[in-house]
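Here are some notes for a first look at this structure. Please read them with the model open beside you.

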Amino acid sequence: MSLQMVTVGNSMALIQPGFSLMNFDGQVFFFGQKGWPKRSCPTGVFHFEVKHNHLKLKPAVFSKDSCYLPPLRYPATCTFSGNLESEKHQYIIHGGKTPNNELSDKIYVMSVVSKNNKKVTFRCTEKDLVGDVPEGRYGHSIDVVYSRGKSMGVLFGGRSYIPSAQRTTEKWNSVADCLPHVFLVDFEFGCSTLYILPELQDGLSFHVSIARNDTVYILGGHSLANNIRPANLYRIRVDLPLGSPAVECTVLPGGISVSSAILTQISNDEFVIVGGYQLENQKRMVCNVISFKDNKIDIHEMETPDWTPDIKHSKIWFGSNMGNGTVFLGIPGDNKQTVSEAFYFYTLKCAEDDVNEDQKTFTSSQTSTEDPGDSTPFEDSEEFCFSAEANSFDGDDEFDTYNEDDEEDESETGYWITCCPTCDVDINTWVPFYSTELNKPAMIYCSHGDGHWVHAQCMDLAERTLIQLSEGSNKYYCNEHVKIARALQTPKRVQSLKKPPLRSLHKKGSGKIITPAKKSFLRRLFD
């Protein structure tokens, strides 16, 4: 194992606990910034490029027929192989937290439309579900199993907000374990079916899940109700005959107690578990190898890397799988220093051998995440891990790299602000007013002074006016500053008086003739 420190450019503010990495044909993409996407990348998806131990994030684009994909944190994500060649690289995204701290219950499908050396264009579609629809959650897992020529999604675990009837002002964001139910999701027809398995007694979250052919292995996890990390190992096998699916669960020996671990694949039949927590206030510094042979699973410890003192002494850490046996790790900066970075980042290479790309499609190297506001302060920095590989790009990119200066402080200019004395936009009661609104209120920028944001609805703007102002480059002034702006307008230009013609100086009947010298003198005089 080799551990290397990674330097990050202006994009460091985006890399915070809860992000996800997705691999499309060897190219890694960053998804899930904490705030709403801003000018630097309206889609919230960035190309994740590590070259010479330096990380750069470059904006990605979506096709015009894509749906809006909010910047979800802590979602469940996995790869999916469709029947068509064009569907080879698809990602399934379920759940997660929005920047408004709401939990999503939607399923999104991401695929690549076109790709060249400088640009990758994605298509994102939302999948509607019928039947036993799983509630919005985070810290869960979703995997794809294949049986008898068919495929099916397996969703398990996670946390969700307490029922709305039990939510109060003080406990509005309180969460609880989801019931230990298993959901089978048919991505082709959008059907979801719930299964209750007696072997699964606790609602686990932040566990490790691995999908192999028709089987999903659930390892570790954290039970919020009991505050334990049971050393359980479950095998969920799915049979997909012509009729109804058959789901069975088996409790296997040899599990380990760990939550929020990172999983990376080092060969076709071997995985490595890195990081995580074994106790409420103790990181798990031991690494484990998971081996599959003859449909049997074996877990044993391996040589640990040479952790730096900063990593050893930090109370929290987070990371993600970069593919090819490499893990991306982050720890908080040292607040004692005069100038301190928010986080420090490392890459941990667990193996030198390349991983078969076809095998990656059938296995899920997704781990669980923990949110700092919902559990102990020591588990605030885990996020899902995905099969990904950090490849370098040759040549210049036509996109500008992320500029942190383009971002705005959401504490002052966020969507949940009081924009005027009569503003009544509330995060808990807001509903879309304009047809163009999706998950946040429409806002418009007032150009008075240093400028500030106001809600379009509070300014009584018609939707047509809102669209026109958003498309044009004209300045806009809110209701409070429009009178000031009018008073400061430049006065109209007054037309200057015309100069009298020279011939008017010659009186009629005077008989006097103005010589050329006099004419020149008069011109100078009146000019």
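1. A definition first. Two strands pair if DSSP finds at least two bridges between them. The model you are viewing is predicted. With that rule in hand, take strand 23, residues 270–274, and strand 26, residues 287–293. Four bridges join them, and the two run antiparallel. One place to look is E270, whose bridge partner in strand 26 is S291.

2. Now widen the view to the sheet around that pair. Four strands make an open sheet in the order 22-23-26-27, and the pairing is antiparallel. Strand 22 (262–267) and strand 27 (296–302) stand at the edges. Each has a single partner strand, so one side of each is left without a neighbour in the sheet. Ignoring direction, neighbouring strands of this sheet are turned by 25° against each other on average.

3. Five strands form it, in the order 6-10-9-8-7, and here the pairing is mixed. Strand 6 and strand 7 (76–80) are at the edges. Because each has a single partner strand, one side of each lacks a neighbour in the sheet.

4. Where does strand 10 run parallel to a partner, and where antiparallel? With strand 6 (residues 61–62), strand 10 (residues 120–127) runs parallel, and two bridges join them. V61 stands opposite T121 of strand 10. With strand 9 (residues 107–115), strand 10 runs antiparallel, and eight bridges join the two. K115 stands opposite V120 in strand 10.

5. Step back to the whole chain. Its secondary structure comes to six helices and 32 strands. The chain has 527 residues, and 50% of them count as buried. Of the contacts with a separation of 6 or more, 60% are between residues 24 or more positions apart.

6. Next, the interior. In soluble globular proteins, nonpolar side chains tend to be buried together. The largest nonpolar core in this model has 21 residues. Which of them touch the most other members? They are C419, V454, C458, M459, L461 and Y476. Strand 31 (residues 443–446) gives the most to this core, with three residues.

7. Leaving out residues up to four places away in sequence, Y476 touches I444, Y445, C446, S447, V454, M459, L461 and L469. Among these, V454, M459 and L461 are also listed with Y476 as core members that touch the most others.

8. Is each of two cysteines, C67 and C249, buried or partly exposed? C67 is partly exposed, because its relative accessible area is 25%. C249 has a relative accessible area of 7%, so it counts as buried. The cut-off for buried is under 20%.

Notes: Residues numbered from 1 in each chain as written. Predicted model: local features only at pLDDT ≥ 70, side-chain atom pairs only at ≥ 80, totals over all residues. Heavy atoms only, no water. Axes fitted to C-alpha atoms, helices over the stretch in contact; angles between N-to-C directions. Buried < 20%, exposed > 50% of the residue type's maximum accessible area, 1.4 Å probe, protein only. Contact = heavy atoms within 4.5 Å. Core = buried A, V, L, I, M, F, W, Y, C linked by side-chain atoms within 4.5 Å.
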